[in-house]
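Visitor: I am new to this structure and would like to learn how to read it. Could you take me through its features in turn?

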Amino acid sequence: VRFSLLLSFQAAMTKLGQWLCGLALLGSAWAALALAPPGLQLPAPFRQALLPLPIYLLVTFGCYSLATVGYRLATFNDCQEAAAELQEHISAARTDLRRRGLRF
Amino acid sequence: MAAGSADKFSVLLPTYNERENLPLVVWLLARTFQESGNNYEIIIIDDGSPDGTQEIAEQLEKIYGSDKILLRPRARKLGLGTAYIHGMKHATGNFIVIMDADLSHHPKFIPEFIRKQKEGNFDIVSGTRYKGNGGVYGWDLKRKLISRGANFLTQVLLRPGASDLTGSFRLYRKEVLQKLMDKCVSKGYVFQMEMIVRARQLGFTIGEVPISFVDRVYGESKLGGNEIVSFLKGLLTLFATT
C-alpha cells in the first residue's frame, strides 16, 4: 500500500515537488530527533552523530558526484573507427553520386 | 498489426546550410534502407538556406525519385520543433526517424533502432552516446566534461529513465511523436530533453541503442556560455514543471 502511495505521489507531483516533499520529510525527522526536548532525547552518542548528518550527506553526495562524472569522463568512448569509416563512406558517396549525375 | 514488411520509415531532415552534407546523408540513408529492405522516404525541410541546399535537394529528388525524396521547404529559419511538425504533416510512414543532417549521425544505426523497436515493441528508440559502445569523436576533454556533467545533473534532477537526453537521433512511432509535439514547448537541447520526459509521463516506452556521434564542426562552433545558460534554464524549468 505504501509503495503504491509513493507511486501515485510521483505521478502527481513535479520533480521539484518530490524533492521538496522528500526534504521536508527527512528534515522534520532530523529536527525532531536532533532538537528533541530533554525528556525524549536519544542517548548522547546518537545525538552527536545525528546533528552533523545533513552536512555529511551533502559532502558524500558531492564526492559521489565528482567520482561519477570523473569516471564517466574517463570512460567516454572515442569513436576513432567511426570517424575513419565515415571518411570512406563520404568518398564512396561522392563518387557514386557524381556517376549518377549530381553536380556538387 | 501487419507484418514488418508493412512498416514504412519517414526520415525527417531539417536542414540549414547543409549543401555539402545533404547529398552524402541522403546517399547513406538510401543505401542503408535498400540493404535492410525497409520501405522509406526522406523528408527534407530546408529553412531557406542561402547556400543552395534546396537546389541540391532538388537534384537528389530527380536521382532518387519524388516518392523517396520529399521536399517541403520553408521560407526562413523557423526552428527545429516546427520543422518536425511541418515534416510530419507530409509523412506517410508509420515510424519517424529524426536525426542531424550534418553526418554527425550515421544512418547505419537505423536498422539497429528498428531491430530494437521490434524487440521490445518500444514507442521510442533513442540513440545514446553514453552507454554501451556509444561514444563521440572530435570532442576535447573540456567538451566531454561539460557533456558528462550536464547529463549527470539531468539524471539527478529529472530521473528520466534514458541515458542520453539531449541526443537527437531517435526513432518514434508516428502517433507518439505527434502526441509529444503537441505537448512540448522548449527550444534547442531542452526540446529533445522535454520529449523524453513527457514521453515517460505519458507512459510511452523507450529503448536505447548505443550510437557514435562524429562531430566534424565542433572546431567551428564552440559550445558557448550562452548555450550552457539556456540549457540550465531549460533544465530547471523542466524540473519545476514536470
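Guide: This is a predicted model. Let us begin with strand pairing: β4(B) and β7(B) run antiparallel and are joined by 4 bridges.

Visitor: What holds paired strands together in general, and which residue in β7(B) is the bridge partner of V97(B)?

Guide: Strands of a sheet pair through backbone hydrogen bonds, in either a parallel or an antiparallel sense. Here, the bridge partner of V97(B) is L171(B) in β7(B).

Visitor: How many bridges join β5(B) to β7(B)?

Guide: There are 3 bridges, and β5(B) and β7(B) run antiparallel.

Visitor: Which way do the residues of β7(B) point?

Guide: β7 of chain B covers residues 170-173. R170(B) and Y172(B) point one way, L171(B) and R173(B) point the other way, and all are buried.

Visitor: Which strand does β5 of chain B join with parallel bridges?

Guide: β5 of chain B, residues 124-128, runs parallel to β8(B), with 5 bridges between them. One opposite pair is S126(B) and E208(B), the latter in β8(B).

Visitor: What is the strand order in the open sheet of 3 strands?

Guide: The order is β1(A)-β6(B)-β9(B), with parallel pairing. β1 (77-78) of chain A and β9 (212-214) of chain B stand at the edges; each has a single partner strand, so one side of each is left without a neighbour in the sheet.

Visitor: How many bridges pair β1(A) with β6 of chain B?

Guide: The pairing, in the parallel sense, has 2 bridges, and β6 of chain B is residues 135-137. D78(A) stands opposite V136(B) in β6(B).

Visitor: Which helix lies across β1 of chain A and β6 and β9 of chain B?

Guide: That is helix α5 of chain A, residues 80-99, which runs at about 60° to β9(B).

Visitor: How do I read chain A as a whole?

Guide: Start with its elements. Chain A has 5 helices and 1 strand, and from the N terminus on they run α-α-α-α-β-α. Then look at cover: of the 104 residues in chain A, 20% are buried. Chain A exposes about 7700 Å², with carbon and sulfur atoms supplying 70% of it.

Visitor: Which residues of chain A does UniProt list for "transmembrane region"?

Guide: The UniProt record, an unreviewed entry, lists residues 55-74 of chain A. In the model, residues 55-74 of chain A are 100% helix and 0% strand, and the end C-alpha atoms are 28 Å apart.

Visitor: Where does UniProt place a domain in chain B?

Guide: The UniProt record, also an unreviewed entry, places "domain: Glycosyltransferase 2-like" at residues 10-180 of chain B. Residues 10-180 of chain B are 43% helix and 19% strand, and their end C-alpha atoms lie 17 Å apart.

Visitor: How should I read a nonpolar core?

Guide: In soluble globular proteins, nonpolar side chains tend to be buried together. The largest nonpolar core here has 45 residues, of which L13(B), V26(B), L29(B) and I42(B) touch the most other members. Elements that each supply at least two residues include α5 of chain A and, from chain B, β1, α1, β2 and α4. The largest share, 9 residues, comes from α1(B).

Visitor: Which residues is L13(B) in contact with, beyond its neighbours within four places in sequence?

Guide: Among them are L22(B), V25(B), I44(B), M99(B) and D100(B). Another core, of 34 residues, lies apart from the largest one and includes C184(B), M193(B) and L238(B).

Visitor: Is K144(B) buried or exposed?

Guide: K144(B), in helix α5 of chain B, counts as buried because its relative accessibility is 8%, and the cut-off for buried is under 20%. Leaving out residues up to four places away in sequence, K144(B) touches L73(A), F76(A), D78(A) and W139(B).

Visitor: Which residues does L157(B) touch?

Guide: L157(B) also belongs to helix α5 of chain B, residues 141-158, and is buried at a relative accessible area of 12%. Not counting residues up to four places away in sequence, L157(B) touches K15(A), W19(A), L235(B), L236(B) and F239(B). L157(B) and A240(B) are 83 residues apart in sequence, yet their C-alpha atoms are 9.7 Å apart in space.

How values were computed:
Residues numbered from 1 in each chain as written. Chains lettered and ligands numbered in written order. Predicted model: local features only at pLDDT ≥ 70, side-chain atom pairs only at ≥ 80, totals over all residues. Heavy atoms only, no water. Pairing = 2+ DSSP bridges. Contact = heavy atoms within 4.5 Å. Axes fitted to C-alpha atoms, helices over the stretch in contact; angles between N-to-C directions. Buried < 20%, exposed > 50% of the residue type's maximum accessible area, 1.4 Å probe, protein only. Areas by Shrake-Rupley, 256 points an atom, 1.4 Å probe, with all protein chains shown as cover. UniProt positions renumbered as here; feature names shortened; annotations may be inferred. Core = buried A, V, L, I, M, F, W, Y, C linked by side-chain atoms within 4.5 Å.
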